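Trainee: I have not looked at this structure before. Could you walk me through it, one part at a time?

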Amino acid sequence: MNHTRWEKLLAVYRDLDPQEQARVDAHVRGCRRCAEALNAYRAMDDDLKSLRDPAPNSGLRRWFHARVTMERQEGWMMQEQRTSRPKRFAEVGLIVALSLVALLLVRFVLPTLSSREVRPAGESAVTGTLTPEPTPTLSTPGPGVADILANPPAAGERIELDAYFSGAGSLMLRGGPRPPEDEVLCPINWSAALTDRPLTAVLAVLNGRRSNVLPEGETWLVAVTPEQMQPGVRSQPQLPYHARLKGYLGEPAYGDCADAARIFVVEEVVEVYQENPPEASDAQILESYATWPRYHDAALGYSLPYPPEWEIEQLGDNAISIYPPEWPGYAVVERVHEGETHYDQYDPAAAPPLLQGVGWTTFQQGLAFDGAVDSQHLAGYAVERNAQPGEQNISVLLNGQGRTYELSLRYPLGFATQQSLLIACSLMVEGFRLDQLPEPSPTPPVKQELGQGPFLSREEVLARVRQERGEAIELLDAWL
């Protein structure tokens, strides 16, 4: 193999697989000319990095990498060829000359061009007419997640892919017991998903946050970093929002995980397309809230705000549907039921019908949006209802005036979710008002006698706490 081809391999040294790197290292140790070329490439990288505008460096590097990668794939770089000494010198001289020309363009010509008159893309300097913009050729788009899953590489084979990372900029939900110190934890797929289109991992709904779900039948991978592969470590990968990543599938440490075939170990961020996700429009929606009209039902004694472009449909004497024209299937439905709904903690088996669903929790107005929305601080319940696959259905129950006011939110999950829709619905719930403030909720009387159990002994309680916490728990006091 002649020196010119060795020098091209040196230029993309960090992108070579370990066997190729070892071969190059062995050659450099015995070749003074290639060692000098390696030092020259490093000096060029340092010089380019010192420029004020780093964009040319990125473009030139992508072009050179794409060119050499294409040549390597064609196989001619790995073939031994005999080349005369004059031809070798000519090839080396050509490479050096092209490098110097590129460096001069980056340092002197491009800054001069950037200070001249700027025209719209494709506008001719002579006629002012629009001409087709040439297709950029500085980089070739890498394979996406769907491409990788369609043609899975061998386990451990290093590959590159372009993907969106769901965990960028998201406030992840924490909690859970301390992990075992001798166990490598499986990653959480929704919080570290690699996808071909953006996926919001955590959704702001009502006065809390809920995790999104990865849709069935879609293409996605789960990202982990080498730091997460340490036993007893619970962490999330720190990756850019949109980037080209280098790594491999088939890590044996995750062989027992549910998504073992999809777990992608990220070893390197090759190129960053966008560091952070686009700014959400929550602030704009909140600013427009002051101009929202209110729907008022004097007979049922309530009112609620709604976005001015949304439509209202009467569903009966005691129910209305308010929905956005662009998402008519996802509406806020207000229903009024006779009789108030309260939960008796001493009789959980007799839960009221409106609390019977997948699960429920208490709800309080005024906790969302940092108190920026004026509310009556009504208290009630948030109930999760059964929903179609790929959707979520939540009902908020508020009591007053001898009635139960139910506001239901139905919204899509996965790639179809719309955070702006959830923010608007949450504002409607926060702004819901009763014409008359409710009386304090009734408190069930305290029972003076214990039931038949079963009850846990003090030792059994301590054993369970120590098992869940993984810590040495000391009992300070206890009473009944």
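Mentor: Let us start with strand β15, residues 391-400: 10 of its 10 residues are buried, so the strand is largely enclosed by the rest of the structure. Buried means under 20% relative accessible area, exposed means over 50%, and partly exposed lies in between, with a 1.4 Å probe and protein chains only. Strands (E, at least two residues) and helices (H or I, at least four) are DSSP runs numbered from the N terminus. This is a predicted model, in which local features need pLDDT of at least 70 and side-chain atom pairs count only at pLDDT 80 or more, while totals for chains, interfaces and linings use all residues. Residues are numbered from 1 along each chain as its sequence is written, and side-chain values use heavy atoms, with hydrogens and water left out.

Trainee: How many bridges join β14 to β15?

Mentor: Six bridges join β14 (residues 379-385) to β15, and the two run antiparallel. Two strands pair if DSSP finds at least two bridges between them. Ala382 stands opposite Val396 in β15. The two strands form a hairpin with five residues between them, and Gly390 in the turn has a positive phi of about 85 degrees.

Trainee: And how many bridges join β15 to β16?

Mentor: There are 10 bridges between β15 and β16 (residues 403-412), again in an antiparallel arrangement. Here Ser395 stands opposite Ser408 in β16. This hairpin has two residues between its strands.

Trainee: Changing topic, where does Leu206 lie?

Mentor: Leu206 lies in the loop between β3 (202-205) and β4 (208-211). Its phi is near 55 degrees, a positive value in a residue other than glycine. Leu206 is buried, at a relative accessible area of 10%.

Trainee: Which residues have the most contacts inside the largest nonpolar core?

Mentor: They are Leu206, Tyr302, Leu304, Trp310, Tyr411, Met428 and Phe432, in a core of 39 residues. The largest share of this core, eight residues, comes from α8. A nonpolar core is a set of buried Ala, Val, Leu, Ile, Met, Phe, Trp, Tyr and Cys residues joined through side-chain atoms within 4.5 Å.

Trainee: How many aromatic pairs are there?

Mentor: Rings of Phe, Tyr and Trp (its six-membered ring) pair if their centres lie within 6.5 Å; planes under 30 degrees apart count as stacked, over 60 as edge-to-face and the rest as tilted. By this rule the count comes to eight aromatic pairs. The rings of Tyr302 and Phe432 have centres 5.6 Å apart and planes at 25 degrees, so this pair is stacked. Tyr302 is in strand β9 and Phe432 in the loop between α8 and β17 (433-434), 130 residues apart.

Trainee: Are those two buried or exposed?

Mentor: Tyr302 is buried, and so is Phe432. Ring pairs also link Tyr295, Tyr302, Tyr405 and Phe432 into a cluster.
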